[in-house]
Amino acid sequence: MTDVSPSVGALTAEFGSAILRNAISCDHSIVYVTRERAHDVLAWLKDTPGQEFNFLTDITAVEYRDAERPLEVVYQLRSLGRKADLRVKVPLDKTEPLQLETVYDLWKGADWLEREVYDMFGVTFVGHPDLRRILMWETYGEGYPLRKDFPLRGHFSRAEQVRQALAANPEAQYSLEELALAQSMQDLPADMKERLRRGERGLVP
Amino acid sequence: MVVEPEAGGVELSGVSPNWVTTRLDFLTNWARSNSLWPMPFGTACCAIEFMATAASRFDLARFGMERLSYSPRQADVLICSGRLPFKLAPVIRRIWDQMPQPKWSISMGACASTGGIFDNYAMVQGIDTIIPVDVYVPGCPPRPEGLMYGIMLLQKKIKGETFTDQDLRREQVLDEAGMFLPPERVDELSEPFGNSIHQTRSG
């Protein structure tokens, strides 16, 4: 049994009542944070010296069988320098709209992770630059598959699902331009730009 | 020797099989069945078995299939090895439409044939709801021997074809309604072949 992560005490001292509670599961510290302060807490965890959770391992969500329990959005953080982990959970009351502020501005890797949570659970991340489905196709109209009220075989009949799938036009949503490197060229590091300029194999001696 | 009615070929609807046509059939079917070029559509573990079948130990080249065609334009038989999610359904249909006649398809494994254990919202319950299928190979995944038996069954089927039956090679293009059948019609067609949980496909 490991001790509570030192980040938990620091968070409680900094944010007070915004830290709902903490727990330990499988040697991992878990911090429960209110929805309103979630972005502040995550930004503080990323930028504060001594915390430096600079790597966002995963974003996912949990919905429990008990209908009264809130849906929880889970952030798994990692500090690469300190070799420390922290799990932050944000409970979302299911009677209200499932909305949460995006953390795309903190970790660029949150882009597809938040899209996946949106696709599977229907959590809307406010401020996300491109919030649309990522696993299911874009015209998918049956809802959010990992919610507990979603039937295993979907809402529509098999015949209707086949009809809709065949009517889907993949090219309309995924164009080659979307995959073009040109748009993200300015974001690449200098050495990669140089390698791309010289071609994949580099200069022939 | 495929006669395409819409391509302005010879109209053969009135021709009944006779000595000439059966000799021609024998020749074309012999050539076709021994030079099938497969278009691999591998989506899951069945594709691993398909690779093993194509590799040297089992050696698909013995059946004239050593040339795996990675372009649908030069393929004869579409081998769907693995589960097919609904998201890939328009893709495999597009590939099937791009393949020129004559063409056949093999549904390899339980998932491709019936949906297998994936009786859920994301998975096509049998690729025969998307494209016509000639041979179903059971197994999870089938061993290479199983796939080769399916291939030999397909060769046997090809050897029984005749060009006097034009319906065999007529291209069926999907209209905007897709392959949608009314639920009663689906139940009627698939009654014995639904999977073990819900016995008919339309449910």
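Which residue takes a positive phi in the hairpin of β1(A) and β2(A)? The residue is A:C26, with a phi near 50 degrees, and the hairpin has two residues between its strands. The structure is a predicted model, in which local features need pLDDT of at least 70, side-chain atom pairs count only at pLDDT 80 or more, and totals for chains, interfaces and linings use all residues. Residues are numbered from 1 along each chain as its sequence is written, while chains are lettered from A and ligands numbered from 1 in the order in which they are written.

Strand β1 of chain A covers residues 19–25 and strand β2 of chain A covers residues 28–33; the two run antiparallel and are joined by six bridges. Strands here are DSSP runs of E with at least two residues, helices are runs of H or I with at least four, and both are numbered from the N terminus. Two strands pair if DSSP finds at least two bridges between them.

The cut-off for buried is 20 or more other C-beta atoms within 10 Å, for exposed 12 or fewer, with partly exposed in between, and C-beta atoms are placed from the backbone. Neighbours within four places in sequence aside, A:A168 is in contact with A:W137, A:T139 and B:P90, contact meaning that the C-beta atoms, placed from the backbone, lie within 7 Å. A:Y140 is 28 residues away along the chain from A:A168, and their C-alpha atoms are 9.0 Å apart.

Turning to chain B, six helices and four strands are found, arranged from the N terminus as α-β-α-β-α-β-α-β-α-α. Of the 203 residues in chain B, 33% are buried. Of the contacts in chain B between residues at least 6 apart in sequence, 77% join residues at least 24 apart.

The four strands of an open sheet in chain B follow the order β1-β2-β3-β4, with parallel pairing. Strands β1 (38–42) and β4 (135–137) of chain B stand at the edges with a single partner strand each, so one side of each has no neighbour in the sheet. From one strand to the next, the twist averages 15 degrees, with axes fitted as lines to C-alpha atoms and angles running from 0 to 180 degrees between N-to-C directions. Strand β3 (residues 104–108) of chain B runs parallel to β4(B), and three bridges join them. Here B:S107 stands opposite B:Y136 in β4(B).

Terms used: Contact = placed C-beta atoms within 7 Å.
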